[in-house]
Every structure is written in C-alpha cells, then in structure tokens.
Amino acid sequence: MRNYEKAKKCVKKLRLEWVLVLAEIALTGWTYYVYVWLMCYQTLQDRVEVSILLSVYHLLFILKVWCFLKTILTPRIPVPPEFHFDEKTWNQIELDSSLQQQTKVFLGVKTTTISNKTLNYCYICGNVKPDRCHHCSRCGTCVLRMDHHCPWVNRCVGFHNHKFFFLLIHYTFTYSMFLVITCTGTLPRIWRRDWVGNLINNEEIGRTLRNTSAAFMLKARSSLSEIPTAELTANATSLTVSKSLIPAALAISASAPSSSSSSSTAEAAAAASTASSRTSLVDDAGLSPVFIQVVAVIFIYLVIMISLVPLLTFHNQLLDGNITTLEVYRPVSLPNCKGNSEIFDLGSVSANHKQIMGSQLWLWPFPVFTSLGDGVHYPVQG
Ligand SMILES: [Zn+2]
Ligand SMILES: [Zn+2]
C-alpha cells in the first residue's frame, strides 16, 4: 500500500514537471499555425515578402526547436567510475585526513566547498563529487558542472547541455523579437482586409446585386402582381446590402416564376446570400479570429521577450566569467583560500566562452557539443 502511494505521488510529480514542457510545445505549435498559415499564407499578398518572412521564420524556428530538443534529450554524462566508493570505504577515507588528501590528488579534485571540506561525497549516488559537480534532488543524480535545474526543460543544465541551453535562450529571444516585429507590422493589413476589405467587398456585392435584381425585376414585373410596381422600381434602383433589403431580395427570388427568369433568380439569390453572409461577418463577428490570434501572438511573445532580458544578461555574465549559477550562490575556493567564485576565470572573455562554446567559432551558433574538457577536471587560477 505504501509503495502504491509512493508510485502515485511519483506519477503526479512527473506529470506536474512535464506540464511546462508540454505547454511550450503546444505554444510553439499554435504559433506556427498562426504565423505560417493564417498570417503568411492567408493574409499577405506579396509573394516576395512572404518568401522572406517564411525563410527567416523557419531558420529561427528550426534553431530554437533544435536547441530545445538537444537541451532536453542530450544524455547526462555520468560521474567517472574512479570517483565511485562504497559507503564503507568512504567512511575509512573520511576518517583519515592523509588518505583523504591522497584520494584528492589521485582524483584530481582541486577545490573545496565553503565548509572547507577536502572532498565531498554524495551518499545517494555513492561517489566523490568532482570539481563543480552537484547532486540534483529533482533529477536524483550527480550532475557534472551543474549550472541549475531548469523547470522549463525539466532537466538539469550542466556540462552535457550547457551550450544548448545558452543557445536556446538566445534563439528564443530572437524568435520572439522577430514574431513581435513582423506581426505588429502586418496587423494593420489584417485589420484592413478583415474590416475595411469586407465593407468594400460588400459594396461590390451590393452593386452586383443591384444590377442583377434590376434585370430580374424588369422581367418579373408582369407576373408579380401582388407587389406594387412602384416598390419594385424603387428596389431595383436602390437595393443595397443592408440587412432589411436582403431578405426581401431572397423572398422575391424564392417566389419568382421558374420559366422566364430562372437564371436571373439564381444570380440574385446567390448574390443576396453572399452579401448576407458577408454582412453578418462584419456586423456580428466583431474582431476576426485571425486578428485576435495575431494580437495574442504579439502579446505572449512580447512578455517572453521582456522576461528573457534579465536571464540573457545573467547567463552572458556567467559565461564571461566562466562561472555557474550555483557557484554564484555557493562559492567554492582553492584550499586555504577565501571562498570566491572567480577561480575558474581564465583571464579573458574569449577564453571563458570557449570553455562552453568550444574553440571553433563557426560552430558556436549551432547546437552541437563543442564544450572543452572532460567535465571533471578544470583549469583554475594560479
Ligand atoms: Zn549524487
Ligand atoms: Zn536536475
């Protein structure tokens, strides 16, 4: 029973943890539909403009989704086997300071924590923690060069995926900015097409209706004795798309004799019906669904863009100084030194960035693994 409750809690927790990821996937899918289908294919007329917008959009979309998938799906690099000790062996090492020092030298561990421990042991994973390694309680494992646990990807950001995460926030920002700018630029045209365009269309339909009705009424005048001639003449000359007259036109077409004026009747009925539906679009629908969805895209991505600014700034600063988020809050130090978080700073922004982004500049924009080192040993100051 206890196991059942535990399993139930686990499933509930898992579901909650994936909610944000699923929401992001749903948002991306919906945005693709609105931008590509509703906005580019159904609204914009200029083929050159559509080609340029779709090319840039798909480039950013592919890079963003690629980074997102790589951040989530890249397997974590495990702590090497030489760091694993069973609890009994570790207890012996922990009690003997010289043995502890020898183990530290053998494993190549350089730093100590703020509590000045020579070595840190993870009792859950059963291993000594290498430099910059931390145990993540959410993932339930030790993560090499752990930066933080990110709820937006439901994964730890560490040595194995730090570059992908860094690119993901940059591409998400650029993608959001592109959407906000291009959607805002297209919004007046959607408004014109949906509202003003419909009014113009209705005027054209009204004109067609007037001409068709006039022809029909002249032919039908003799047979429609119950309708006064004066009213028919007035309708033929002044029929508009107003709601009050369209049902009248439909009524006339429905009651017209089928032999002499069937084609005129059909044309009048079709025109009246189209005009009626168009008129109801403008009069009854208010804001069109396309307009509302494009406005929603602008609002959502504006919020994302603004909230990403501090995150981008913070993570750029971290890479500039070759420091992780956890090291900002839990400083590490070299033995007999005061705790500071700059011991991994290699002296230049370029050298620090290369630790994560790799030494080949042309590969920096792509989510392929190019980080330097083995995730266990790191160069330190001095
Ligand atoms: Zn652990
Ligand atoms: Zn984690």
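This is a predicted model: local features need pLDDT of at least 70, side-chain atom pairs count only at pLDDT 80 or more; totals for chains, interfaces and linings use all residues.
## Ground rules

Local features need pLDDT of at least 70, side-chain atom pairs count only at pLDDT 80 or more, and totals for chains, interfaces and linings use all residues. Residues are numbered from 1 along each chain as its sequence is written, chains are lettered from A and ligands numbered from 1 in the order written, and side-chain values use heavy atoms, without hydrogens and water.

## Salt bridges

Side chains of opposite charge can pair when their charged atoms come close. A salt bridge here is a side-chain nitrogen of Lys or Arg within 4 Å of a carboxyl oxygen of Asp or Glu.

Arginine 189 pairs with glutamate 49, N to O at 2.8 Å. Arginine 189 sits in helix H5 and glutamate 49 in helix H2, 140 residues apart. Helices (H or I, at least four residues) and strands (E, at least two) are DSSP runs, numbered from the N terminus. Arginine 189 is partly exposed at 32% relative accessibility, and glutamate 49 is partly exposed at 22%.

Glutamate 327 bridges to arginine 132, again at 2.8 Å. Glutamate 327 is buried at 2%; arginine 132 is buried at 5%. Buried means under 20% relative accessible area, exposed over 50%, partly exposed in between (1.4 Å probe, protein chains only).

## Crossing helices
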